[in-house]
Amino acid sequence: GKQRTLPFEIFEGYGASPTALVRTEFFANQQSGTQIFQLLGMNFMNVERGKLPLSDTHFVLIVFLVSLVRNWDEELGVNLRFNPWDAIRRMGWSVNKLSLQRLKDAIDRLADTTVRVYHDHETDREEAAPMVARRVTEMDKAKRTTWEVQLTSTLLEVVSAHRTYIKFETLAALPGGCATLLYAFIASEKSKQTEWDVEDLARLVGLTSSKPDQIRRKLKAALEILVCGLVEVKPRGEAVREVE
(Lines give C-alpha, C1' and ligand atoms only; values in the text may rest on other atoms or scores of the structure.)
Protein backbone atom coordinates (compact mmCIF):
# COMPACT_ATOMS: atom_id res chain seq x y z
CA GLY A 1 0.00 0.00 0.00
CA LYS A 2 0.89 3.67 -0.19
CA GLN A 3 3.34 4.86 2.45
CA ARG A 4 2.41 7.85 4.61
CA THR A 5 4.71 9.92 6.81
CA LEU A 6 3.63 11.48 10.09
CA PRO A 7 3.00 15.12 9.05
CA PHE A 8 4.44 16.55 12.26
CA GLU A 9 7.56 16.12 14.35
CA ILE A 10 7.50 14.47 17.75
CA PHE A 11 10.18 15.98 19.96
CA GLU A 12 12.27 14.11 22.51
CA GLY A 13 10.34 13.55 25.74
CA TYR A 14 6.95 13.91 24.06
CA GLY A 15 4.26 11.70 22.58
CA ALA A 16 0.99 12.65 20.93
CA SER A 17 -2.67 11.78 21.18
CA PRO A 18 -5.42 12.23 18.60
CA THR A 19 -7.07 15.47 19.73
CA ALA A 20 -10.44 13.87 18.99
CA LEU A 21 -9.88 11.42 21.85
CA VAL A 22 -8.90 13.96 24.53
CA ARG A 23 -11.75 16.38 23.79
CA THR A 24 -14.34 13.67 24.42
CA GLU A 25 -15.11 11.18 27.20
CA PHE A 26 -13.26 8.49 25.24
CA PHE A 27 -10.95 7.54 28.14
CA ALA A 28 -13.24 8.71 30.96
CA ASN A 29 -16.69 7.25 30.33
CA GLN A 30 -16.96 4.03 32.33
CA GLN A 31 -20.27 2.81 30.89
CA SER A 32 -20.12 -0.50 29.06
CA GLY A 33 -21.64 -0.70 25.62
CA THR A 34 -20.94 1.33 22.49
CA GLN A 35 -20.74 5.08 23.16
CA ILE A 36 -20.78 8.01 20.71
CA PHE A 37 -19.05 11.19 21.84
CA GLN A 38 -19.19 14.69 20.42
CA LEU A 39 -15.97 16.67 20.59
CA LEU A 40 -15.98 19.63 22.95
CA GLY A 41 -15.40 22.70 20.79
CA MET A 42 -15.07 20.63 17.59
CA ASN A 43 -18.68 20.03 16.60
CA PHE A 44 -17.83 18.82 13.10
CA MET A 45 -16.58 15.47 14.37
CA ASN A 46 -17.98 12.57 16.39
CA VAL A 47 -16.05 9.60 17.75
CA GLU A 48 -17.49 6.22 18.68
CA ARG A 49 -15.89 3.96 21.27
CA GLY A 50 -16.47 0.20 21.33
CA LYS A 51 -18.19 -1.74 24.08
CA LEU A 52 -15.49 -1.80 26.78
CA PRO A 53 -14.60 1.27 28.87
CA LEU A 54 -11.08 2.69 28.80
CA SER A 55 -9.05 4.71 31.32
CA ASP A 56 -6.11 7.09 31.57
CA THR A 57 -3.82 4.01 31.41
CA HIS A 58 -4.98 3.42 27.82
CA PHE A 59 -4.56 7.10 27.03
CA VAL A 60 -0.93 7.08 28.22
CA LEU A 61 -0.27 3.91 26.22
CA ILE A 62 -1.61 5.50 23.02
CA VAL A 63 0.64 8.54 23.62
CA PHE A 64 3.65 6.23 23.97
CA LEU A 65 2.82 4.16 20.89
CA VAL A 66 2.26 7.24 18.72
CA SER A 67 5.67 8.55 19.85
CA LEU A 68 7.25 5.55 18.07
CA VAL A 69 5.55 6.19 14.72
CA ARG A 70 7.35 7.77 11.77
CA ASN A 71 5.83 6.13 8.66
CA TRP A 72 2.90 3.83 8.03
CA ASP A 73 1.06 2.00 5.29
CA GLU A 74 -2.23 3.61 4.21
CA GLU A 75 -4.05 0.27 4.48
CA LEU A 76 -2.07 -1.78 7.00
CA GLY A 77 -0.97 0.86 9.50
CA VAL A 78 2.39 0.26 11.21
CA ASN A 79 4.02 -2.49 13.26
CA LEU A 80 5.92 -1.04 16.22
CA ARG A 81 8.69 -2.92 18.02
CA PHE A 82 9.75 -1.85 21.51
CA ASN A 83 11.18 -3.08 24.78
CA PRO A 84 8.32 -3.21 27.34
CA TRP A 85 10.60 -2.13 30.19
CA ASP A 86 11.62 0.96 28.21
CA ALA A 87 7.94 1.66 27.63
CA ILE A 88 7.15 1.37 31.34
CA ARG A 89 9.94 3.82 32.20
CA ARG A 90 8.88 6.29 29.50
CA MET A 91 5.29 6.29 30.77
CA GLY A 92 6.46 6.91 34.34
CA TRP A 93 5.17 3.63 35.79
CA SER A 94 6.92 1.63 38.51
CA VAL A 95 9.42 -0.81 37.00
CA ASN A 96 8.07 -4.14 38.20
CA LYS A 97 6.15 -7.23 37.07
CA LEU A 98 2.82 -5.60 37.96
CA SER A 99 3.50 -2.83 35.45
CA LEU A 100 4.43 -5.43 32.83
CA GLN A 101 1.04 -7.08 33.37
CA ARG A 102 -0.67 -3.67 33.32
CA LEU A 103 0.99 -2.93 29.97
CA LYS A 104 -0.10 -6.25 28.47
CA ASP A 105 -3.68 -5.83 29.76
CA ALA A 106 -3.85 -2.31 28.33
CA ILE A 107 -2.62 -3.48 24.91
CA ASP A 108 -5.20 -6.31 24.93
CA ARG A 109 -8.01 -3.90 25.86
CA LEU A 110 -7.06 -1.54 23.01
CA ALA A 111 -7.12 -4.52 20.65
CA ASP A 112 -10.68 -5.22 21.81
CA THR A 113 -11.74 -1.58 21.36
CA THR A 114 -13.11 -0.33 18.07
CA VAL A 115 -12.79 3.36 17.29
CA ARG A 116 -15.21 4.69 14.68
CA VAL A 117 -14.72 8.16 13.22
CA TYR A 118 -17.53 10.01 11.47
CA HIS A 119 -15.84 12.10 8.79
CA ASP A 120 -18.76 13.59 6.91
CA HIS A 121 -22.35 13.69 8.11
CA GLU A 122 -23.69 14.63 4.66
CA THR A 123 -22.36 11.49 2.99
CA ASP A 124 -22.45 9.27 6.10
CA ARG A 125 -18.78 8.53 5.50
CA GLU A 126 -17.28 6.76 8.48
CA GLU A 127 -14.28 4.62 9.23
CA ALA A 128 -13.91 1.98 11.93
CA ALA A 129 -11.04 -0.21 13.12
CA PRO A 130 -9.64 -1.70 16.32
CA MET A 131 -7.21 0.70 17.98
CA VAL A 132 -4.58 -2.03 18.02
CA ALA A 133 -4.44 -4.86 15.47
CA ARG A 134 -1.77 -7.55 15.77
CA ARG A 135 0.23 -7.68 19.00
CA VAL A 136 3.07 -9.87 20.25
CA THR A 137 3.86 -9.86 23.98
CA GLU A 138 6.03 -11.99 26.21
CA MET A 139 5.63 -12.07 29.99
CA ASP A 140 9.34 -12.51 30.62
CA LYS A 141 11.33 -10.66 33.26
CA ALA A 142 14.30 -10.59 30.87
CA LYS A 143 15.14 -6.98 30.10
CA ARG A 144 15.96 -7.79 26.47
CA THR A 145 12.50 -8.94 25.38
CA THR A 146 10.83 -7.18 22.42
CA TRP A 147 7.09 -6.64 22.04
CA GLU A 148 5.23 -5.73 18.86
CA VAL A 149 2.05 -3.69 18.44
CA GLN A 150 0.36 -2.87 15.14
CA LEU A 151 -1.48 0.46 15.08
CA THR A 152 -4.25 0.75 12.48
CA SER A 153 -4.23 3.40 9.77
CA THR A 154 -7.63 4.61 11.08
CA LEU A 155 -6.05 5.74 14.35
CA LEU A 156 -3.02 7.20 12.57
CA GLU A 157 -5.21 9.21 10.19
CA VAL A 158 -7.02 10.70 13.18
CA VAL A 159 -3.76 11.67 14.93
CA SER A 160 -2.41 13.13 11.67
CA ALA A 161 -5.45 15.37 11.21
CA HIS A 162 -5.46 16.86 14.72
CA ARG A 163 -2.94 15.95 17.39
CA THR A 164 -2.15 17.06 20.93
CA TYR A 165 1.42 16.87 22.20
CA ILE A 166 1.82 15.24 25.61
CA LYS A 167 4.95 15.49 27.76
CA PHE A 168 6.03 12.20 29.39
CA GLU A 169 7.68 14.02 32.31
CA THR A 170 4.34 15.67 33.15
CA LEU A 171 2.47 12.35 32.90
CA ALA A 172 4.97 10.77 35.31
CA ALA A 173 4.46 13.59 37.83
CA LEU A 174 0.67 13.37 37.82
CA PRO A 175 -1.32 10.99 40.07
CA GLY A 176 -3.30 9.64 37.11
CA GLY A 177 -7.04 9.51 36.65
CA CYS A 178 -8.81 12.85 36.48
CA ALA A 179 -5.60 14.95 36.63
CA THR A 180 -4.04 13.13 33.67
CA LEU A 181 -7.14 13.49 31.48
CA LEU A 182 -7.48 17.14 32.50
CA TYR A 183 -3.86 17.77 31.53
CA ALA A 184 -4.53 16.19 28.13
CA PHE A 185 -7.58 18.38 27.56
CA ILE A 186 -5.74 21.57 28.55
CA ALA A 187 -2.84 20.58 26.28
CA SER A 188 -5.33 20.40 23.38
CA GLU A 189 -6.47 23.99 23.93
CA LYS A 190 -5.11 26.56 21.49
CA SER A 191 -5.77 29.81 23.36
CA LYS A 192 -4.02 31.03 26.49
CA GLN A 193 -7.27 31.86 28.28
CA THR A 194 -10.28 29.64 27.89
CA GLU A 195 -13.62 29.07 29.57
CA TRP A 196 -15.47 25.79 29.84
CA ASP A 197 -18.74 24.63 31.32
CA VAL A 198 -17.83 22.80 34.53
CA GLU A 199 -20.30 19.96 33.83
CA ASP A 200 -18.83 19.37 30.36
CA LEU A 201 -15.29 19.42 31.72
CA ALA A 202 -16.16 17.09 34.61
CA ARG A 203 -17.71 14.56 32.23
CA LEU A 204 -14.64 14.76 29.98
CA VAL A 205 -12.30 13.76 32.82
CA GLY A 206 -14.54 11.15 34.44
CA LEU A 207 -15.89 13.08 37.44
CA THR A 208 -19.37 11.76 38.05
CA SER A 209 -21.41 13.05 40.96
CA SER A 210 -24.92 14.36 41.42
CA LYS A 211 -23.55 17.10 43.69
CA PRO A 212 -22.23 20.13 41.75
CA ASP A 213 -20.21 21.37 44.75
CA GLN A 214 -18.40 18.05 45.02
CA ILE A 215 -17.58 18.05 41.29
CA ARG A 216 -16.31 21.64 41.50
CA ARG A 217 -14.13 20.76 44.49
CA LYS A 218 -12.60 17.70 42.79
CA LEU A 219 -12.08 19.61 39.56
CA LYS A 220 -10.37 22.46 41.36
CA ALA A 221 -8.10 20.00 43.21
CA ALA A 222 -7.11 18.37 39.91
CA LEU A 223 -6.50 21.74 38.26
CA GLU A 224 -4.29 22.83 41.14
CA ILE A 225 -2.10 19.77 40.62
CA LEU A 226 -1.34 20.92 37.09
CA VAL A 227 1.45 23.39 36.56
CA CYS A 228 -0.32 25.48 33.98
CA GLY A 229 -0.62 28.99 35.37
CA LEU A 230 -3.50 30.33 37.42
CA VAL A 231 -6.74 28.37 37.49
CA GLU A 232 -10.00 29.46 39.00
CA VAL A 233 -13.35 27.70 39.14
CA LYS A 234 -15.99 30.40 39.27
CA PRO A 235 -19.31 29.99 41.11
CA ARG A 236 -21.35 30.45 37.93
CA GLY A 237 -20.04 27.13 36.63
CA GLU A 238 -17.11 28.02 34.42
CA ALA A 239 -13.47 27.11 34.76
CA VAL A 240 -11.06 29.80 33.66
CA ARG A 241 -7.39 29.24 32.89
CA GLU A 242 -4.81 31.96 32.45
CA VAL A 243 -1.24 31.23 31.48
CA GLU A 244 1.45 33.73 32.34
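How many helices and strands does the secondary structure of the protein chain come to? The count is 9 helices and 14 strands. Helices (H or I, at least four residues) and strands (E, at least two) are DSSP runs, numbered from the N terminus. This is a predicted model: local features need pLDDT of at least 70, side-chain atom pairs count only at pLDDT 80 or more, and totals for chains, interfaces and linings use all residues. Residues are numbered from 1 along each chain as its sequence is written, and side-chain values use heavy atoms, with hydrogens and water left out.

**Whole chain**

- Of the 244 residues in the protein chain, 49% are buried. Buried means under 20% relative accessible area, exposed over 50%, and partly exposed in between (1.4 Å probe, protein chains only).
- The accessible surface comes to about 12,200 Å², and carbon and sulfur atoms account for 46% of that surface. Accessible areas come from the Shrake-Rupley method with a 1.4 Å probe; for residues, only the protein chains shown count as cover.
- Among contacts between residues at least 6 apart in sequence, 62% join residues at least 24 apart. Contact means heavy atoms within 4.5 Å.

**The S6-S10-S9 sheet**

- Three strands form an open sheet in the order S6-S10-S9, with antiparallel pairing. S6 and S9 (132-136) stand at the edges with a single partner strand each, so one side of each has no neighbour in the sheet. From one strand to the next, the twist averages 20 degrees.
- Two strands pair if DSSP finds at least two bridges between them. Strands of a sheet pair through backbone hydrogen bonds, either parallel or antiparallel.
- S6 and S10 pair over 5 bridges, in the antiparallel sense. Two bridge partners in S10 can be named: Leu 151 for Val 78, and Trp 147 for Phe 82.
- S9 and S10 (residues 147-151) are joined by 3 bridges and run antiparallel. Here Val 136 has Glu 148 of S10 as its bridge partner.
- Helix H4 (residues 97-111) lies across S6, S9 and S10 and runs at about 145 degrees to S9. Axes are lines fitted to C-alpha atoms, for helices over the stretch in contact, and angles run from 0 to 180 degrees between N-to-C directions.

- Why is S10 largely enclosed by the rest of the structure? Because 5 of the 5 residues of S10 are buried.
- Trp 147, Val 149 and Leu 151 point one way from S10, and Glu 148 and Gln 150 point the other way; all are buried.
- Side chains alternate along S6.
- Helix H5 (residues 153-161) is mostly covered, with 7 of its 9 residues buried. Among them are Leu 155, Leu 156, Val 158 and Val 159.

**Phe 82**

- Phe 82 is found in S6 (residues 78-82). Phe 82 has a relative accessible area of 6%, so it is buried.
- Leaving aside neighbours within four places in sequence, Phe 82 is in contact with residues including Phe 64, Leu 65, Leu 103, Ile 107, Trp 147 and Val 149.
- Leu 68 is also in contact with Phe 82. The two are 14 residues apart in sequence and 8.5 Å apart in space, C-alpha to C-alpha.

- Phe 27 sits in the loop between H1 and strand S3 (35-39). Its relative accessibility is 3%, so Phe 27 counts as buried.
- Not counting residues up to four places away in sequence, Phe 27 touches Leu 21, Leu 54, Ser 55, Asp 56, His 58, Phe 59, Ile 62 and Leu 181.
- Phe 27 and Phe 59 are 32 residues apart along the chain, with their C-alpha atoms separated by 6.5 Å.
- The whole structure holds 1 cavity of 30 Å³ or more. On a 1 Å grid over the protein atoms alone, a cavity is a set of points where a 1.4 Å probe fits but cannot get out; lining residues have an atom within 4 Å of a point.
- The largest cavity contains about 50 Å³ of space. Grid points are joined across faces, edges and corners, and a volume is the space filled by probe spheres set on the points.
- Phe 27 lines this largest cavity, as do Leu 21, Val 22, Thr 24, Ala 28, Leu 181, Ala 184 and Leu 204. Helices H1 (19-22) and H7 (178-187) each supply at least two residues of the lining.

How values were computed
On a 1 Å grid over the protein atoms alone, a cavity is a set of points where a 1.4 Å probe fits but cannot get out, and a pocket is an open set with protein on both sides within 12 Å along at least five of seven lines; lining residues have an atom within 4 Å of a point.
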